[in-house]
Amino acid sequence: MYSDSVLTLNNEVEIPRVQMGTWLINNDNVKKVVQRAISVGYRGFDTAKDYGNELGVGKGIWNADVERSDIFLTTKIPTAVKDYNGTVKAIDDALDRFSLDYIDLLLIHSPQPWIEVNRVEDRHFEGNLENWRAMEEAVKAGKVRAIGVSNFLIEDVNNILENGTIKPAVNQIGVNIGNTPEELIKYCQSKDIIIEAYSPLAHGRLFDNETLKKYAKKYQVSVAQLMLRYDCQLGCVVLPKTDILDEMKENRQLDFEISDEDMKKLKQLKF
Ligand SMILES: NC(=O)c1ccc[n+]([C@@H]2O[C@H](COP(=O)([O-])OP(=O)(O)OC[C@H]3O[C@@H](n4cnc5c(N)ncnc54)[C@H](OP(=O)(O)O)[C@@H]3O)[C@@H](O)[C@H]2O)c1
């Protein structure tokens, strides 16, 4: 089925196209959620130190009935860490919390600490290169299979491309119908950087949107499925979050195709 398909990163590592987001699933519940998701076919999980649930995600993975090598695990460097030593420690601490030997994909969570986002102009070019240097070393040490960025604008991506030795494998950004940052998506894709779409369901706020309901009806799918397939057809990996079994299953039923004409119209929508 379509949701079992993989994309290939620029370092030849394969990444599942449809993964499970875990933001706002607390550490006590997330082990069960991960196991439930694995039982219905999910093989990719997105977490972060800042979600406070890495320990539970790790428990879910190592107690599951699949090989570690069949799971694709992503986590992120906390946004407050912008120095080399702090990044080295953040990577080792994450591995300890997961009780795992390696992370599949490690991202810089944001070019700026959360507290500065939309408030401060400093893009922390030097700090992001410090993050990157430690992350490159983690790849060479076998602690991480691929590295990338998140919430990076073109200028932030260029900073890494021009000064790093490993190219970012992904840029994880918000992409959903109604919010399609086309220029950034195309720019990253032209540099062989895969876009991971976070909040692909717009955090749940568009399920009653009449326009989207009309398109969903046309394809005989739910609004959630329409939104996920849209992101996939833009070439993105999608990271829908739910802890409900039926919704997990629904979000993997993506075997339909949105026409080119409708993709064009959906790209124009702004919510
Ligand atoms: N890098 C970053 O800065 C960043 C930022 C935001 C998100 N992310 C990642 O992206 C993931 C997803 O984004 P998100 O958590 O913001 O939200 P999302 O996946 O866009 O939407 C989640 C919401 O949709 C609901 N939902 C999911 N599937 C549904 C379905 N089939 N039918 C009806 N409702 C459904 C969920 O409800 P229930 O929970 O009740 O099932 C939840 O309220 C995060 O978990 C995280 O891993 C990364």
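**View 1. The lining of the largest pocket in this predicted model, by residue class.** The residues that line the largest pocket divide into 11 nonpolar, 13 polar and 6 charged, and the model in which they are seen is a predicted one. The space within this largest pocket comes to about 600 Å³. Among the 30 residues of its lining, those closest to the centre of the pocket are Trp23, Tyr198, Ser199, His203 and Lys241.

**View 2. The second largest pocket and the residues around its centre.** A volume of about 290 Å³ belongs to the second largest pocket, and of the 15 residues that line this pocket, Val117, Arg123, Asn151, Leu153 and Tyr198 are the closest to its centre. Sorted by class, the lining of the second largest pocket holds 9 nonpolar, 5 polar and 1 charged residues. A reader who compares the views will find Tyr198 named among the residues closest to the centre of the largest pocket and also among those closest to the centre of the second largest pocket.

View 3. Rolling a probe the size of a water molecule over the atoms shows where empty space is left. For cavities of 30 Å³ or more, the count in this model comes to 1, and the largest cavity holds about 30 Å³ of space. Its lining is made up of Lys49, Glu54, Lys76, Ile77, Pro78, Ala90, Ala94, Arg97 and Leu106, which by class gives 5 nonpolar, no polar and 4 charged residues.

**View 4. Secondary structure elements beside the largest cavity.** Strand 5 (72-77) and helix 3 (84-98) each contribute at least two residues to the lining of the largest cavity. The largest share of that lining, 3 residues, is supplied by helix 3. In the protein as a whole, the secondary structure amounts to 10 helices and 10 strands.

**View 5. The setting of the close-ups within the whole protein.** Along its principal axes, the C-alpha trace of the protein spans about 55 × 40 × 35 Å. The radius of gyration is 18 Å, and because a compact globule with 271 residues would have a value near 18 Å, the two agree. Among the contacts with a separation of 6 or more, 73% are between residues 24 or more positions apart.

Note on methods:
Residues numbered from 1 in each chain as written. Predicted model: local features only at pLDDT ≥ 70, side-chain atom pairs only at ≥ 80, totals over all residues. Heavy atoms only, no water. 1 Å grid on protein atoms, 1.4 Å probe; cavity = no way out; pocket = protein on both sides within 12 Å on 5 of 7 lines; lining within 4 Å. Points joined across faces, edges and corners; volume = space filled by probe spheres on them. Helix = DSSP H or I, 4+ residues; strand = E, 2+ residues; numbered from the N terminus. Nonpolar A, V, L, I, M, F, W, Y, C, P; charged D, E, K, R; others polar. Rg over C-alpha atoms; globule rule 2.2 N^0.38 Å. Contact = heavy atoms within 4.5 Å.
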